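Have the structure open as you read.

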Amino acid sequence: MSRTRSPFGRRTLISSLTLGTLAATALAGCASGSDDGQDDASSGAAGESAFPVSIEHTYGTTEIPEEPERVVSLGYTEQDAILALGVVPVGVRYAFGPEDDVFFPWADEAAGDADPEILPRAEVDPEQIAALQPDLIMAVTAGLTEEEYDTLSEIAPTVVQPAEHIAFGTPWQEQTRITGQALGQSERAEELIADVEAQVEEAAAAHPEFAGRTVTLSGPAYEGEYPFHTSDDTRTRFFLDLGMTVDPALDAAAQSDFYGTVSREEAQLLDADVLVFQVGSEAERAGIEGDPVLAGLPTVTEGRSLFIVDDDYAALQFASALSLPYLLDSFTPQLAEVLG
């Protein structure tokens with residue numbers, strides 16, 4: 001199926017959460033989400049013996065009394081870590097792409113024929129979540145405020161990012177590890193992490209030309225300024241794990257820990273050994289290609305820029321245990337050709 005991507009550089013956060021009535025929890029629920037496409041072998045070595053579980057995070061500690069069966073994936077890219085551990089969420093937050101499909105190609109096999117309720121991107125209604133009768137809400141990549149966390153915690157145990165990481169800045173390894181702990185599958189999570197890290201290391205070893213080279217991850221202009229992602233951004237880490245670096249001057253110019261913009265006059269800060277443009281449509285690509293300021297950058301004039309598009313674009317946004325192997329196979333050869 002052809003997919004049209006929308007920009008994911010500036011994520012739309014939850015704008016409001018009102019407690020309202022939670023009487024919807026009494027509604028009859030669907031079948032357990034963890035049973036879809038999951039057999040005993042996929043439940044991991046820990047299972048129910050791992051519970052109760054306590055997970056510390058930026059807003060305190062969440063207690064999970066027993067093995068979850070109805071999991072809501074509230075983070076924008078949360079579903080991959082959950083699916084990778086053999087659990088199918090009963091509700092999934094929409095991020096981008098087709099509005100009727102929240103599973104991307106690398107996750108299709110794990111998702112099977114699941115048909116979760118799709119939660120809106122911009123706002124989340126607590127009553128809608130309560131109606132799903134969740135026993136766990138995973139929100140490591142949701143960017144919740146503490147007030148929003150408190151509201152959702154009245155519905156079910158809710159897990160957000162760890163205190164040592166910014167919102168949207170939790171590395172995929174840590175997200176996988178936290179998800180494994182929450183689902184009682186810590187051993188399986190460590191196996192997944194080790195497997196994917198080995199694939200990344202193999203790709204880096206196969207391409208020594210990546211080592212020490214600078215990279216800038218950018219995209220379409222926003223309000224007349226050019227975006228870039230810092231070393232702390234989960235998408236940039238894909239390139240760092242392959243041995244590349246971000247110019248420290250660019251990190252210093254960021255307006256936040258994971259994202260920043262530069263004016264047209266400062267566009268030279270984007271220059272690097274390779275300049276990667278994320279685009280979600282042909283119109284965005286045309287806008288970048290037709291920009292005289294960008295066209296004049298040495299990286300562009302010397303043929304060391306490239307576009308990451310379509311499912312490669314989506315895989316980079318997710319930066320998950322499921323999407324990274326897909327991205328390594330599909331995008332690494334393009335990167336090698338530019339830096340070769």
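After H12 comes Ala319, with a positive phi near 40°.

A word on what you are looking at: this is a predicted model, in which local features need pLDDT of at least 70 and side-chain atom pairs count only at pLDDT 80 or more, while totals for chains, interfaces and linings use all residues. Residues are numbered from 1 along each chain as its sequence is written, and side-chain values use heavy atoms, leaving out hydrogens and water.

The protein chain holds 13 helices and twelve strands; helices (H or I, at least four residues) and strands (E, at least two) are DSSP runs numbered from the N terminus. Of its 340 residues, 54% count as buried. Among the chain's contacts with a separation of 6 or more, 74% are between residues 24 or more positions apart, where contact means heavy atoms within 4.5 Å. The chain exposes about 14,000 Å², and carbon and sulfur atoms supply 48% of that area, as computed by the Shrake-Rupley method with a 1.4 Å probe.

| Helix pair | Axes come within | Crossing angle |
|---|---|---|
| H12 (residues 310–318) and H13 (residues 323–339) | 9 Å | roughly 130° |
| H5 and H6 | 7 Å | roughly 160° |

The axes are lines fitted to C-alpha atoms, for helices over the stretch in contact, and the angles run from 0 to 180 degrees between N-to-C directions. H5 is therefore roughly antiparallel to H6. H12 and H13, by contrast, are oblique to each other. For these words, angles under 35 degrees count as roughly parallel, over 145 as roughly antiparallel, 65 to 115 as roughly perpendicular, and the rest as oblique.

Which residues does H12 bring to its meeting with H13? They are Asp311, Asp312, Ala315, Leu316 and Phe318, and they meet Ser323, Tyr326, Leu327, Ser330, Phe331 and Gln334 in H13. By class, this contact has six nonpolar, three polar and two charged residues; Ala, Val, Leu, Ile, Met, Phe, Trp, Tyr, Cys and Pro count as nonpolar, Asp, Glu, Lys and Arg as charged, and the others, Gly among them, as polar.

Now to H5 (residues 172–182), which is mostly covered, with eight of its eleven residues buried. Trp172, Gln173, Gln175, Thr176, Ile178, Thr179, Gly180 and Ala182 are the buried ones. Trp172, Gln173, Thr176, Arg177, Gly180 and Gln181 in H5 meet Ser186, Ala189, Glu190, Ile193, Val196 and Glu197 in H6. That contact divides into four nonpolar, five polar and three charged residues. Just after H5, Gly184 takes a positive phi of about 75°.

Methods. Buried < 20%, exposed > 50% of the residue type's maximum accessible area, 1.4 Å probe, protein only.
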